[in-house]
Every structure is written in C-alpha cells, then in structure tokens.
Amino acid sequence: MRRRRNGLRVLMWGCVLAGMPLLAAGMLQLIPQIPVAANRLNDLRTDLEQEPADNREDPPCLSSGYGWLAEEPDAPKPEQTTETATQPEAEPVFYASGDPGEKPYPTVWHPGTARIVRMAYQRYSGGNIVDLDKCGQVRNCTSVDNAALLEESRKAPAFTIMGDGSPEVLIMHSHTTESFEPYVREYGDAEFNYRTTDPALSVVMVGDQIEAQLKKAGIGVIHDGTIHDYPRYTGSYDRSRVVVKRILEENPTIKVVLDIHRDAIVSNGNLLQPVIDVDGQDTAQVMIISGCDNGSLNMPNYMKNFRFASCLQQQIESDTPGLTRPVLFDYRKYNQDLTTGSLLIEVGSHGNTLAQVKRAGSVLGASIARALLDLKEET
C-alpha cells in the first residue's frame, strides 16, 4: 500500500512539473491584461512599525496622497485627478440647496478590531531620495533626475509677498470632511469612516491653526471651508478648482494656495499614527505633495511649485526636526497649475488624534509664516 501511495505521488508531481511550462506560458499571455493601476501598487505600501528607517533602501511610497481611507465600506473610489490638456474644464454641479447636509462627528464610540500603532517616520535612504541642502528630503517618484531636482530646489520660489495685510495666501480643503481619532486609544472604531462636516473636528480645524499663525505674522489669509467631498466624493478636485479659481479672480494678490488634507495610512490592518514629540506634546507628522507634469497634465510651471515645496520643507524641518516626511514629488496635479505657490499638505493621518493634528497645524503654520516672510519684498 505504501509503494502504491509513493507511486501516485511520483505520478502526481510528474504531471505538475510537466504542466508548469504550459502554466507559465498562460500567465505570460495574461500579463498584458493586468490593469495599469497595479503598477502603482507601491503607492499604497506602508512601513512597518519595527522597520529601522536608516536601513531602508528605496523606501516605499506610503500613500497615494488621496487622503482617502480605502477600508471605508461605503466610500467611493478616489477620482482621477490628473487632468489632461485635452479635458475641458466643465463647471461642476453644486448641490442645489447650497447645503451639503450634516455628517456629525460620533458621540458614542464602538470597539473596533483595527489597532492604532504609534510610530514616527525618520530619515530615509535609497535611490529615489534627494537630500536637500539645508535639511529635509524629497521622495522622487518620477523620471526626473535626482541631480536636476536638487539643482531646482536651490532656486528661489517664483513669487514674493508684500506682507501688507492684503490676502496673499489661500487655505482650502478639497477633501473638507476628512477627520481624525478623538483621543489616544488602542483601537479604532469600525463604524466611523473618519469624515465629518463639523469644521471644528475636521481638517478645517487644522487650517484654522495655520491661518492664525500667518495672521499673527502679518500675512493676509483667506481660509475657505467650502465642502467639496460630501455627500458626493467623486469630483472633489473639480469642485474645489471652481472655488479656487473664483477666489483667485476676486483676490489677484494671492500668491500661495495650500490644500490642507490628512492622510490615511494603514499597515497590516492597523491604523498608523505618525507622531513626534514637540516641546513635550504629541504632534502629527506632515507631508508636502508637489506635482510633476509628465507631459499630459497641462502644468508647465510645476517646477516653480517644487521650488516653493523645497523652501517650505527646509524651513519646517529646520524649525522642528522630524516633523516632516519627505516631500512627495510625483505625477499628480491637484489643481497645482493655478499658481506657482500651490501645494497639497497632508497633516497627520486618520490614526492621529484631534489634539495631535491641531498642534501640528500650529507648528506648521509658524514655519510657513517664517518661510513667506523671507520672501517679502524689500521696501
């Protein structure tokens, strides 16, 4: 009986080995059918808590910068924001009532299964990392040569400011309802999708902190809290584009547009809470996103935005070492063609608490103010 079983095993493995070339050939035929989106899989990879940052080679793209929580069961997929030059700028349809309705922040919390993991992104190493001259880093996810990018980072931003109180900075939020954890806890709430229309508990609150620091420095600011992503998420950037263009037309003195978001970072089913200690207080880490044009995005001045991103990155990291993750330089538009000072900034992630991102907004705003004052015209 044992010999018979052994004979069957030999026959079975012979069939498997004989069929492998046919299987491989079939897989090769299927490869071209894999969606192009699979090539961007690295954009969604995350670091593990225990992975030593200094030993990493070619660190993974931590997020795609959508500020969208993929695990939300009812959330729509993020829209394609890389508009091409041939796409018409259609006027989006706003909600007929002008009021998107309410999405309250929870008052009762339910036990969840997703752990909240505290961690801090540290200095990166790898072939796509550019170390800026003063401090801070850039994660180059494009075909632009690192040396060319470093040279560009050494150039001054393409604008100056007056600092006379006239509006020169616009703070807005394409994903206005993005929200955060209520407080430090071990597990998240599976019934909360980290979105609310309450401006005191969303990224609008973070924008308020940045606004306060800029005004304190004498820099004129408009902070627009228009909701673009609720009740309909798809088309958020189209809707925010209309609002930004209108504000720029009404306020031609504006030089800088900051689209303030929060990230959504998940690893192995855990919510990551990127945080550092700043003067004894938990403070969420931040990431600047500067878009690059691959020839199809109708964004000819993207390098001028990158100069401003490099300027800010070095100021923030100089003021508060460890606060920043590397600037994400990638093929993205995010309406960054509207000025030469347009950037998207991710403040924390959905795993961070309200207090942590509030603190980050204040620290970030102070650094932005210092960077802008260095660009003030001499009178």
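Figure 1. Of the contacts in the protein chain with a separation of 6 or more, 80% are accounted for by residues 24 or more positions apart. The model is predicted, and its protein chain has a mean pLDDT of 80, with 73% of the residues reaching 70 or more. Six helices and 12 strands form the secondary structure of the protein chain. The chain has 379 residues, and buried residues make up 53% of them.

**Figure 2. The segment of residues 1–98.** Over residues 1–98, pLDDT stays under 50. For this segment the model has 150 contacts beyond four places in sequence.

**Figure 3. Packing of helix α5 against helix α6.** Helix α5 spans residues 302–319 and helix α6 spans residues 354–373. The two helices pack at an angle of about 125°, and their axes lie 9 Å apart. Because of that angle, α5 is oblique to α6. The crossing of α5 and α6 is right-handed. On the α5 side, the contact is made by Phe-308, Cys-311, Leu-312, Gln-315, Ile-316 and Asp-319. On the α6 side, the contributing residues are Leu-364, Ser-367, Ile-368, Arg-370, Ala-371 and Leu-372. By class, the residues of the contact of α5 with α6 comprise eight nonpolar, two polar and two charged.

**Figure 4. Packing of helix α3 against helix α6.** Helix α3, residues 203–216, packs with α6 at an angle of about 35°, with the axes 7 Å apart. The crossing in which α3 passes α6 is right-handed. From α3, the residues Met-205, Val-206, Gln-209, Ile-210, Gln-213 and Leu-214 take part. Their partners in α6 are Leu-354, Val-357, Lys-358, Gly-361, Ser-362, Leu-364, Gly-365, Ala-366, Ile-368, Ala-369 and Leu-372. The residues of the contact of α3 with α6 divide into 11 nonpolar, five polar and one charged.

Figure 5. The peptide bond from Tyr-230 to Pro-231 is cis, and its omega is near 5°. Most peptide bonds are trans. Pro-231 is located in the loop between β5 (220–223) and α4 (236–250).

**Figure 6. Asp-279 in the loop between β8 and β9.** Asp-279 is placed in the loop that runs between β8 (270–278) and β9 (281–284). The phi of Asp-279 is near 55°, a positive value in a residue other than glycine. Most residues other than glycine have a negative phi. Asp-279 counts as exposed because its relative accessibility is 70%, and the cut-off for exposed is over 50%. The C-alpha atoms of Asp-279 and Thr-320 are separated by 9.9 Å, and these residues are 41 residues apart along the chain.

**Figure 7. Asn-298 in the loop between β10 and α5.** Asn-298 is found in the loop between β10 (286–291) and α5. Although Asn-298 is not a glycine, its phi is positive, at about 55°. With a relative accessible area of 45%, Asn-298 is partly exposed.

Notes
Residues numbered from 1 in each chain as written. Predicted model: local features only at pLDDT ≥ 70, side-chain atom pairs only at ≥ 80, totals over all residues. Heavy atoms only, no water. Axes fitted to C-alpha atoms, helices over the stretch in contact; angles between N-to-C directions. Helix = DSSP H or I, 4+ residues; strand = E, 2+ residues; numbered from the N terminus. Parallel < 35°, antiparallel > 145°, perpendicular 65-115°, else oblique. Left-handed = near helix turned anticlockwise from the far one by under 90°. Contact = heavy atoms within 4.5 Å. Nonpolar A, V, L, I, M, F, W, Y, C, P; charged D, E, K, R; others polar. pLDDT = per-residue confidence, 0-100. Buried < 20%, exposed > 50% of the residue type's maximum accessible area, 1.4 Å probe, protein only.
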